[in-house]
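Subject: Structure handover

Hello,

Please find the structure below, with its sequence. My notes come after it.

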Amino acid sequence: MDLELIFTSLPKLLSAAVVTLKLLSSSLFFGIFIGLIFAILRLNKNPFINKFAYGYSYVFRGTPLLVQIFIIYYGLGQIEYFRSTFLWVIFKEPYWCAIIAFALNTGAYTSEILRSAFQTIKPGIIEAGKSLGISNKIIFYKIQIPVAIRQSLPAYGNEIILMMKGTSLASTVTLMDITGVAKHIVSTTYKPLEIFITAGGIYLFMTFIIHNLIKYLEKKYSFQ
Amino acid sequence: MDLLTFGKTGWGDELFYATLMTIAVSITALLIGFLFSIIFTPLKLSNNKFLNFIANSYTTVIRGVPELLVIYLFFFGGSGAIMYVASIFGYFEYIEINAFITGSLAIGIISGAYSTEVFRGAIQSIDKGQFEACKVLGFKRYIYFLKVIMPQMLRLAIPNLSNVWQITLKDTSLISVTGLVEIMRQSYIAAGSTRDPLFFYSFAAVLYLMLTFLSMKLINRLEVKYSRGV
Amino acid sequence: MNIFKKTILTVLASLLIIGNVYANDKIRIGTEGAYPPWNSKDAAGKLIGFEVELAYSLCRYIGRQCEVVEQDWDGMIPALQMRKFDAIMAGMSITDERKKVITFSQGYADEVAALAVMKGSSLEGMSTPEGISLSKPNSDAKKALKTITEALTGKTVCTQTGTIHQNFLESGDVGKVNVRTYKTQDEVNLDLTSGRCDVALAAAVAFTDYAEKSGKSVVLVGPTFSGGAFGNGVGVGLRQASQLGGTLGARDAELLKAFNKAINQARKDGVISRLAIKHFGFDASM
């Protein structure tokens with residue numbers, strides 16, 4: 001076990017951790033909006049709308065993230081017509097391709113989490129709002145959404161960790177996240193064991209922090 | 001569409017076999033995962049702090065580290081293990097573990113961590129009364145576990161196990177590093193050869209969706225079967 | 001032994017048995033199968049190319065059966081260590097870094113690298129000498145490097161991970177370049193044609209082969225490189241005998257001697273030159 005190599009590669013891997021965190025936060029940020037929109041669409045009475053939302057979530061949860069990234073990065077990149085549109089400015093950069101793929105993916109899972117949270121809100125809470133004469137719209141924004149968010153914290157915490165693991169796939173499209181940098185170091189030093197264990201350790205540490213953060217938030221916001 | 005024909009010029013037959021391979025690896029990995037669960041779930045539930053620690057480390061590490069990294073570690077770290085084993089057996093030459101076993105084992109280790117959690121949760125949510133009743137009736141451990149606890153545990157576990165199956169199925173897309181030709185790798189080869197990545201990766205997505213759809217149907221049947229009499 | 005231990009032992013034993021135990025007669029040679037014209041696959045998936053044919057020739061000289069297996073480039077050396085195969089013939093150049101972990105036979109061919117861009121790129125018509133050798137940098141080479149450094153600043157250069165090309169770009173010989181590395185040469189080509197990369201670096205023949213087969217207008221620019229960070233020719237990669245010692249180690253050492261002898265004979269008989277001309281269009285043999 002080459003300990004010296006672990007020490008020298010640690011700084012490079014840690015600065016790559018910043019890239020991983022940037023990917024994670026951007027994906028989650030967009031993902032939450034996408035998830036919220038599709039969760040609402042799913043609850044809509046119109047069958048076309050809720051089937052469409054169901055289709056979206058089914059497709060993005062039923063196919064591997066790797067396939068999704070490859071379609072967005074390599075697939076779209078090969079269409080000459082697409083390259084001539086203004087969208088190409090965004091899709092040209094692997095960073096944005098990755099974030100779009102991740103956001104769509106986590107959006108699908110998030111929409112499921114929020115949808116089930118919406119559907120399991122105790123009806124008594126909504127009735128209380130109605131009996132107080134609060135309009136439906138305000139009930140939705142001020143009561144349903146916050147309650148749903150609180151109820152989904154445990155499941156969403158899990159989703160954050162799953163997404164963080166998903167960011168490692170950014171390395172397949174040239175992005176230098178922790179996995180990408182680890183592979184790069186291994187390709188020049190040929191010591192896969194030491195490097196991958198160190199990289200794994202960093203991910204584990206981040207998982208630990210996120211896990212405890214979510215637990216703290218759950219405690220703080222629980223109204224039990 | 002004629003890219004998909006079976007036979008020499010079309011990729012249809014290669015993709016068909018790749019799909020079979022994906023199914024085969026997923027099932028094998030799931031079963032290997034179950035084997036791991038059989039070992040680690042009791043460890044997790046035991047009173048021995050040390051055994052607890054080992055089992056918890058297994059599930060925490062595997063579920064906290066990206067699958068890609070676990071697969072790389074297993075694949076590359078395997079060289080160290082194999083060389084060590086080979087040196088012990090001095091004359092035991094050229095141990096070649098084929099790509100299918102390596103790939104299934106790698107995914108199986110990952111799948112096992114998730115299954116362990118599922119089984120643990122399922123056993124813990126069985127009414128304690130069941131265990132007490134068996135003890136009172138004087139049943140031997142193995143017997144009551146097999147005849148009383150297992151059926152109840154399976155019923156509780158099946159919904160979550162369907163999740164584990166989904167995860168396992170999708171994780172097979174990551175083992176192209178072992179050179180195994182499953183859906184993702186075959187699409188990659190086809191896309192490279194025909195320079196049409198959009199078509200083949202989209203088709204790969206369709207294949208995975210088909211597998212997901214079929215799995216869901218089968219698992220629903222299982223759920224119904226195990227919920228009889230509840 | 002209780003039932004647990006019995007099942008575990010049975011499973012392990014069956015895994016070992018299912019994992020075939022090979023007789024030691026066949027030499028297994030690993031190649032990438034994705035780097036034409038050095039090595040690639042035909043439409044049916046069979047491995048073809050300069051090195052595949054050379055491998056079979058060399059085995060005939062050695063007098064043993066051999067089998068060419070496919071392996072992803074980034075797992076090539078670990079797979080060798082893992083005994084997935086016994087030799088690497090995958091356009092792998094002999095470099096000092098690689099010599100730290102594996103050993104090489106003598107070189108059998110030269111891999112000459114070049115930069116490539118899409119037609120119409122601003123880098124076309126770079127004024128540099130034809131070929132520069134970086135092992136003994138003379139003033140011509142230094143001037144060429146300077147021209148290239150200026151041309152590449154601010155550009156995105158793409159190449160395959162773990163290659164001598166990546167080594168060169170990161171060596172500092174051309175200043176600080178924005179390098180993107182990809183798993184396979186195919187992906188490099190894809191991103192070069194889609195415009196994500198301004199310029200790419202790989203074996204010159206790899207680009208000419210791609211331009212021919214895909215009809216895309218990829219052109220070579222700048223000089224052709226060899227030596228220095230680009231290593232000293234392409235050789236057969238083998239396990240270092242010192243790794244394991246004992247019978248297995250001795251067998252590896254024997255294999256090295258056998259390959260060297262075979263390469264000498266093949267060279268004398270003109271086999272290497274013939275194959276090189278067939279696949280590259282010129283004699284790239286060493």
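Predicted model: local features only at pLDDT ≥ 70, side-chain atom pairs only at ≥ 80, totals over all residues.

Residues are numbered from 1 along each chain as its sequence is written, and chains are lettered from A and ligands numbered from 1 in the order in which they are written.

Chain A

Chain A has ten helices and zero strands; helices here are DSSP runs of H or I with at least four residues, strands are runs of E with at least two, and both are numbered from the N terminus. Its C-alpha atoms fill a box of roughly 70 × 50 × 25 Å along the principal axes. Of the 224 residues in chain A, 41% are buried (20 or more other C-beta atoms within 10 Å of the residue's own, with C-beta atoms placed from the backbone). Taking contacts in chain A between residues at least 6 apart in sequence, 77% join residues at least 24 apart; a contact means that the C-beta atoms, placed from the backbone, lie within 7 Å.

Helix 1 (residues 3-43) and helix 10 (residues 192-221) of chain A pack with their axes 10 Å apart, at an angle of about 45 degrees. The axes are lines fitted to C-alpha atoms over the stretch in contact, and angles run from 0 to 180 degrees between N-to-C directions. Ala, Val, Leu, Ile, Met, Phe, Trp, Tyr, Cys and Pro count as nonpolar, Asp, Glu, Lys and Arg as charged, and the others, Gly among them, as polar.

Cores

A nonpolar core is a set of buried Ala, Val, Leu, Ile, Met, Phe, Trp, Tyr and Cys residues joined through C-beta atoms within 7 Å. The largest one has 106 residues, and A:Ile69, A:Ala98 and B:Ala204 have the most contacts inside it. Helix 6 (residues 94-119) of chain A gives the largest share of this core, twelve residues. Another core, of 81 residues, lies apart from it, and C:Ile29, C:Met76, C:Ala90 and C:Ala262 are among its members.

Chain contacts

Chains A and B each put 25 residues into their contact. On the side of chain B that touches chain A, helix 8 of chain B supplies the largest share, nine residues. That side of chain B has 17 nonpolar, six polar and two charged residues.

The contact between chains C and A takes 14 residues from chain C and twelve residues from chain A. Strand 10 of chain C gives the most to the side of chain C that touches chain A, with three residues. That side of chain C divides into five nonpolar, five polar and four charged residues.

A helix of chain B

Helix 5 (residues 128-136) of chain B has nine residues and the number buried is zero, so it lies largely in the open. B:Gly138, which follows helix 5 of chain B, has a positive phi, near 80 degrees.

Regards

Notes:
Contact = placed C-beta atoms within 7 Å. Buried ≥ 20, exposed ≤ 12 C-beta atoms within 10 Å, placed from the backbone.
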